[in-house]
Amino acid sequence: MNSNEESSNMSNKMRAAVVEQFGKPLVIQEVDIPRPGPGYVLVKTETCGVCHTDLHARNGDWPLKPALPFIPGHEAIGILTEIGAGVINVKVGDRVGVPWLYSACGHCEYCLSARETVCGQALFGGYTRNGGFAEYLVADPDYVAHIPVGLTARDAAPLICAGITSYKGIKETQSRPGEWIVISGIGGLGHLGVQYAKAMGLKVCAVDIDDGKLEHAKRLGADEGVNAKHRDPVEAVKKVTGGGANGVLITAPSLPAFTQGVGMTRKWGTCVLVGLPPGEFPTPLFDVVANCITIRGSFVGTRQDMAEALAFAVDGKVKADTELQPLSAINQVLERLERGDVPSRVVLDFNRK
Ligand code: NAD
Ligand code: ZN
Ligand code: ZN
C-alpha cells in the first residue's frame, strides 16, 4: 500500500476494496489493518460515500495518478479507535470524517492564507493515501472533519466531499441572495448544491440530462429545471433568468456542460468549474472578454468550509439523499455511476456484509 505512515506488521486483517489496475474492477480482499504512526490516528469505518471522483481514480483519468495498488474512498466517516504518539487534539471514540484533503503542509503561502486545498504538499484521501473503502484507515488528526453530534454516519458521509465541494463552489460564484445560480449536474454534488444554494437565499435553475434528476431538484427546492438533452440549455437558462445566471456551478462530469455553463453566465457573472471529466473544452473568448465573465476552478474546501457545510446539515437546511450498499457491491455501484444511474449518493455501510 502507498502510505508511509502505515506499516503492516500486524496479523489483524480487514476487508478492503483495492484498485490494482486502472480501468479494472476493484478487488475485494483481506489486507493488514494499518497502524497509525506518530502524529496519526486509526479510524474504524462506519460509512463511506462513493463519489464520481472514485470512478475517475479507478480509471486513472487524471494527469496526476495515484500509485497502484490503492484503496479509494474520501467520504469515510468512522470512530477513532487508536491514537499515535503525540496526538492531542482528538480522542478515542470521536466520530470523524476522512476527506479528500487528507493533509497539507500548514506552512506555505496557501496554507497560511486559508487556501490549503491547493497546498503543493497536500495529500489526497483515497488517492495518494489509502481511503475509506476499507474497514479501517489511518488519518491525519489535524485534517479530519469533526462530525457534530446529531448527524448520523449515513447523513454525514456525502457532506465531507459532495457537500463541502458544492457549498464552497457556490460561495466562489459570489452570488448574492435573490440572484440566480445554475447548478449543472444534479448528482451527488448537485443535489446538495441545490439545497445549499436555496439555504443561501439564491434562485436556483437546475440543469441535467435526466428528467428524473431534474424532478428531484425541484423537490429539493430548485425554482426551474432545464434538460440539456432536449433543448439548447444556454438559451433556456437565459430565458428563465432574464439574461443569464449570476453564478454557474458545473458539477457535471461531461465536457459539453462546461462550454454551455460559460454561455449561461450573466455579464459580470462567475462560472465555477468543479466537475473533473478528463480533457479540455472550447471557450468563446470574445463572449468571455466582452461580457467580463470570470471562470474559476474550485477544489473541495478548507477545514473552515467543512465546519460550515456540516453546520447547514445540523440546522436541518441540507440533507443528503442516500442509498446504503455493502462494500461488496462497490463494483456495481461504480458501473451505475458511470451510466448516470445513481439518483443521489450511494453510501457504503460497513455494518452490512
Ligand atoms: P454524479 O455522477 O453523482 O453526478 C453527475 C451528474 O451530472 C448526474 O446527475 C448526470 O446526469 C449529470 N450530467 C451528466 N452529463 C451532463 C451534462 N452534459 N449536463 C448536465 N448534467 C450532466 O457525480 P458527482 O459525484 O456529483 O461528481 C461530479 C463531478 O465532480 C465528477 O467529475 C467529480 O470527479 C467532480 N468532483 C470534483 C470535486 C472538486 O473538488 N472540484 C470534488 C468532488 C467531485
Ligand atoms: Zn469526492
Ligand atoms: Zn501548504
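Predicted model: local features only at pLDDT ≥ 70, side-chain atom pairs only at ≥ 80, totals over all residues.
Residues are numbered from 1 along each chain as its sequence is written, while chains are lettered from A and ligands numbered from 1 in the order in which they are written. Local features need pLDDT of at least 70, side-chain atom pairs count only at pLDDT 80 or more, and totals for chains, interfaces and linings use all residues, with side-chain values based on heavy atoms and with hydrogens and water left out.

The zinc ion (ligand 2) is coordinated at 2.0 to 2.3 Å by C51 (SG), H74 (NE2) and C161 (SG). Donors are N, O and S atoms within 2.8 Å of the metal (3.2 Å for Na, K and Ca); because water is not among the atoms, sites may look incomplete. Along the chain, the donors have the spacing C-x22-H-x86-C. H74, in the loop between α1 (52–59) and β4 (76–83), and C161, in the loop between α3 (153–156) and α4 (162–173), are 87 residues apart, and the pair links distant parts of the chain. Helices (H or I, at least four residues) and strands (E, at least two) are DSSP runs, numbered from the N terminus.

H74 counts as buried because its relative accessibility is 1%; C161 counts as buried at 5%. Buried means under 20% relative accessible area, exposed over 50%, and partly exposed in between (1.4 Å probe, protein chains only).

D305 lies in helix α10 (residues 303–314) and is buried, because its relative accessibility is 3%. Leaving aside neighbours within four places in sequence, D305 is in contact with I164, Y167, K168 and K171, where contact means heavy atoms within 4.5 Å. The side chain of D305 also reaches the backbone nitrogen of T302 at 2.8 Å.

Technical notes: Polar contact = N/O pair within 3.5 Å; in protein donor to acceptor, adjacent residues only side chain to side chain.
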